[in-house]
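Please look at the sequence and the structure shown here before reading on.

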Amino acid sequence: MERLPQGTRRLAVLLRLSLDPELLWSVLTDYNNLSRFIPNLASSRQLWRKGAVVALEQVGSQQFCGLSFSARVELELTEEPSSGRLCFRMTCGDFRRFEGIWRIDRDASATRLFYELTVQGRPGMPIGIIEKRLRDDLAANLRAVQQEALRRANP
(Lines give C-alpha, C1' and ligand atoms only; values in the text may rest on other atoms or scores of the structure.)
Protein backbone atom coordinates (compact mmCIF):
# COMPACT_ATOMS: atom_id res chain seq x y z
CA MET A 1 0.00 0.00 0.00
CA GLU A 2 1.25 3.43 -0.94
CA ARG A 3 0.07 6.51 0.93
CA LEU A 4 -0.48 9.44 -1.41
CA PRO A 5 -1.48 13.05 -0.56
CA GLN A 6 -5.01 14.05 0.49
CA GLY A 7 -6.04 10.68 1.90
CA THR A 8 -5.40 8.80 -1.34
CA ARG A 9 -4.16 5.21 -1.21
CA ARG A 10 -2.75 3.05 -3.96
CA LEU A 11 -2.86 -0.67 -3.37
CA ALA A 12 -1.49 -3.42 -5.59
CA VAL A 13 -1.26 -7.17 -5.40
CA LEU A 14 0.03 -9.89 -7.72
CA LEU A 15 -0.81 -13.59 -7.69
CA ARG A 16 1.03 -16.25 -9.66
CA LEU A 17 -1.40 -19.00 -10.64
CA SER A 18 -1.51 -22.17 -12.67
CA LEU A 19 -4.78 -21.24 -14.38
CA ASP A 20 -5.69 -20.51 -17.98
CA PRO A 21 -5.67 -16.72 -18.56
CA GLU A 22 -8.91 -16.97 -20.57
CA LEU A 23 -10.63 -18.60 -17.60
CA LEU A 24 -9.53 -15.77 -15.30
CA TRP A 25 -10.74 -13.24 -17.88
CA SER A 26 -14.17 -14.88 -18.02
CA VAL A 27 -14.44 -14.69 -14.23
CA LEU A 28 -13.44 -11.00 -14.08
CA THR A 29 -15.88 -10.04 -16.82
CA ASP A 30 -18.85 -11.95 -15.39
CA TYR A 31 -20.10 -8.59 -14.14
CA ASN A 32 -23.62 -9.52 -13.04
CA ASN A 33 -22.35 -12.42 -10.94
CA LEU A 34 -19.30 -10.87 -9.24
CA SER A 35 -21.19 -10.39 -5.98
CA ARG A 36 -21.76 -14.16 -5.80
CA PHE A 37 -18.07 -14.81 -5.09
CA ILE A 38 -16.33 -11.51 -4.24
CA PRO A 39 -16.39 -10.98 -0.45
CA ASN A 40 -18.11 -7.80 0.75
CA LEU A 41 -19.50 -7.01 -2.70
CA ALA A 42 -23.22 -6.77 -2.01
CA SER A 43 -24.25 -6.22 -5.63
CA SER A 44 -22.82 -5.83 -9.11
CA ARG A 45 -24.80 -5.21 -12.26
CA GLN A 46 -23.98 -4.19 -15.77
CA LEU A 47 -25.70 -0.95 -16.76
CA TRP A 48 -24.69 -0.84 -20.42
CA ARG A 49 -22.11 -1.90 -22.96
CA LYS A 50 -20.74 0.02 -25.95
CA GLY A 51 -18.23 -2.25 -27.67
CA ALA A 52 -15.30 -2.75 -25.30
CA VAL A 53 -16.58 -0.18 -22.78
CA VAL A 54 -18.90 -1.35 -20.02
CA ALA A 55 -20.64 0.50 -17.19
CA LEU A 56 -21.29 -1.23 -13.86
CA GLU A 57 -22.99 -0.32 -10.64
CA GLN A 58 -21.46 -1.94 -7.58
CA VAL A 59 -22.24 -1.72 -3.89
CA GLY A 60 -19.78 -2.89 -1.28
CA SER A 61 -20.78 -3.55 2.28
CA GLN A 62 -18.86 -4.64 5.35
CA GLN A 63 -18.59 -4.42 9.10
CA PHE A 64 -15.60 -2.99 10.95
CA CYS A 65 -15.12 -1.51 14.40
CA GLY A 66 -18.73 -2.48 15.14
CA LEU A 67 -20.02 -0.22 12.36
CA SER A 68 -21.67 -1.08 9.08
CA PHE A 69 -20.07 0.58 6.06
CA SER A 70 -21.54 0.66 2.59
CA ALA A 71 -20.24 2.34 -0.57
CA ARG A 72 -21.74 2.60 -4.05
CA VAL A 73 -19.85 3.27 -7.26
CA GLU A 74 -20.66 3.45 -10.94
CA LEU A 75 -17.66 2.29 -12.91
CA GLU A 76 -16.68 2.57 -16.53
CA LEU A 77 -14.50 -0.34 -17.60
CA THR A 78 -12.47 -0.72 -20.75
CA GLU A 79 -11.88 -4.31 -21.80
CA GLU A 80 -8.63 -5.08 -23.62
CA PRO A 81 -8.70 -8.89 -23.84
CA SER A 82 -5.79 -9.14 -26.28
CA SER A 83 -3.47 -7.50 -23.72
CA GLY A 84 -5.26 -8.97 -20.68
CA ARG A 85 -6.10 -5.53 -19.31
CA LEU A 86 -9.34 -4.46 -17.67
CA CYS A 87 -9.11 -0.77 -16.73
CA PHE A 88 -11.75 0.89 -14.58
CA ARG A 89 -12.61 4.29 -13.20
CA MET A 90 -15.46 5.61 -11.12
CA THR A 91 -17.85 7.91 -12.97
CA CYS A 92 -19.90 8.64 -9.84
CA GLY A 93 -20.16 7.24 -6.37
CA ASP A 94 -19.18 7.46 -2.73
CA PHE A 95 -15.47 8.20 -3.25
CA ARG A 96 -13.60 11.17 -4.67
CA ARG A 97 -11.46 8.75 -6.67
CA PHE A 98 -11.74 5.03 -7.36
CA GLU A 99 -9.78 3.68 -10.33
CA GLY A 100 -7.46 0.89 -11.25
CA ILE A 101 -6.64 -2.05 -13.43
CA TRP A 102 -6.85 -5.82 -13.54
CA ARG A 103 -4.11 -7.38 -15.66
CA ILE A 104 -3.68 -11.01 -16.66
CA ASP A 105 -0.51 -12.17 -18.37
CA ARG A 106 1.63 -15.25 -18.62
CA ASP A 107 5.33 -15.96 -18.29
CA ALA A 108 7.18 -19.24 -18.75
CA SER A 109 6.10 -20.63 -15.39
CA ALA A 110 2.70 -19.18 -14.45
CA THR A 111 -0.25 -16.94 -15.17
CA ARG A 112 0.00 -13.65 -13.29
CA LEU A 113 -3.11 -11.90 -11.97
CA PHE A 114 -2.38 -8.30 -11.03
CA TYR A 115 -4.75 -5.81 -9.43
CA GLU A 116 -4.10 -2.17 -8.66
CA LEU A 117 -6.54 0.25 -7.02
CA THR A 118 -6.19 3.96 -6.33
CA VAL A 119 -8.85 5.19 -3.92
CA GLN A 120 -9.55 8.52 -2.28
CA GLY A 121 -12.34 8.89 0.24
CA ARG A 122 -14.80 11.73 0.48
CA PRO A 123 -14.18 14.42 3.12
CA GLY A 124 -14.96 12.94 6.51
CA MET A 125 -14.39 9.37 5.36
CA PRO A 126 -11.78 7.91 7.72
CA ILE A 127 -9.48 6.38 5.07
CA GLY A 128 -6.76 5.82 7.68
CA ILE A 129 -9.07 3.66 9.77
CA ILE A 130 -10.13 1.52 6.84
CA GLU A 131 -6.60 1.09 5.39
CA LYS A 132 -6.18 -2.36 6.87
CA ARG A 133 -9.61 -3.40 5.58
CA LEU A 134 -8.67 -2.19 2.10
CA ARG A 135 -5.46 -4.20 2.20
CA ASP A 136 -7.18 -7.33 3.53
CA ASP A 137 -10.05 -7.01 1.04
CA LEU A 138 -7.67 -6.64 -1.88
CA ALA A 139 -5.99 -9.96 -1.14
CA ALA A 140 -9.34 -11.63 -0.40
CA ASN A 141 -10.79 -10.40 -3.71
CA LEU A 142 -7.93 -11.89 -5.73
CA ARG A 143 -8.22 -15.17 -3.87
CA ALA A 144 -11.96 -15.17 -4.55
CA VAL A 145 -11.32 -14.72 -8.28
CA GLN A 146 -8.81 -17.58 -8.11
CA GLN A 147 -11.28 -19.84 -6.27
CA GLU A 148 -14.09 -19.08 -8.72
CA ALA A 149 -11.78 -19.83 -11.68
CA LEU A 150 -10.79 -23.13 -10.04
CA ARG A 151 -14.46 -23.97 -9.44
CA ARG A 152 -15.28 -23.29 -13.09
CA ALA A 153 -12.28 -25.29 -14.28
CA ASN A 154 -13.39 -28.32 -12.24
CA PRO A 155 -17.22 -28.32 -12.31
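How many of the 11 residues of E8 are buried? The answer is 9, so strand E8 is mostly covered, where buried means under 20% relative accessible area, exposed means over 50%, and partly exposed lies in between (1.4 Å probe, protein chains only). Helices (H or I, at least four residues) and strands (E, at least two) are DSSP runs, numbered from the N terminus. This is a predicted model, in which local features need pLDDT of at least 70 and side-chain atom pairs count only at pLDDT 80 or more, while totals for chains, interfaces and linings use all residues. Residues are numbered from 1 along each chain as its sequence is written, and side-chain values use heavy atoms, with hydrogens and water left out.

Strand E8 covers residues 111-121 and pairs with E7 in the antiparallel sense over 11 bridges; two strands pair if DSSP finds at least two bridges between them. Between E7 and E8 lie 4 residues, and the two strands form a hairpin. Two of the bridges can be picked out by their residues. Phenylalanine 98 has valine 119 in E8 as its bridge partner, and arginine 106 has threonine 111 in E8.

E8 is also joined to strand E2 (residues 8-17), by 10 bridges, and these two run antiparallel. Here alanine 12 stands opposite glutamate 116 in E8.

E7 (residues 95-106) also pairs with strand E6 (residues 85-93), again in the antiparallel sense, over 5 bridges. A hairpin through 1 residue joins E6 to E7. The bridge partner of arginine 89 is glutamate 99, in E7. In a regular strand the side chains alternate between the two faces of the sheet.

Next come the cysteines. The structure holds 0 disulfides, a disulfide being a pair of cysteine sulfur atoms within 2.5 Å. Cysteine 92 counts as partly exposed because its relative accessibility is 32%.

What is buried in helix H1? Leu23, Leu24, Trp25, Val27 and Leu28 are. At the start of H1, a side-chain oxygen of aspartate 20 comes to within 3.0 Å of the backbone nitrogen of glutamate 22. An α-helix has 3.6 residues a turn, so residues three or four places apart point the same way.

Tyrosine 31 counts as buried because its relative accessibility is 2%. Leaving aside neighbours within four places in sequence, tyrosine 31 is in contact (heavy atoms within 4.5 Å) with several residues, among them Ser44, Arg49, Val54, Leu77 and Leu86. Tyrosine 31 and leucine 11 are 20 residues apart in sequence, and their C-alpha atoms are 22 Å apart in space.

The last stop is helix H3 (residues 127-153), where asparagine 141 is found. Is asparagine 141 buried or exposed? Asparagine 141 is buried, because its relative accessible area is 18%. Not counting residues up to four places away in sequence, asparagine 141 touches Ile38 and Pro39.

Notes. A polar contact is a pair of N or O atoms within 3.5 Å; within protein, one must be able to donate a hydrogen and the other to accept it, and residues adjacent in sequence count only if both atoms are side-chain atoms.
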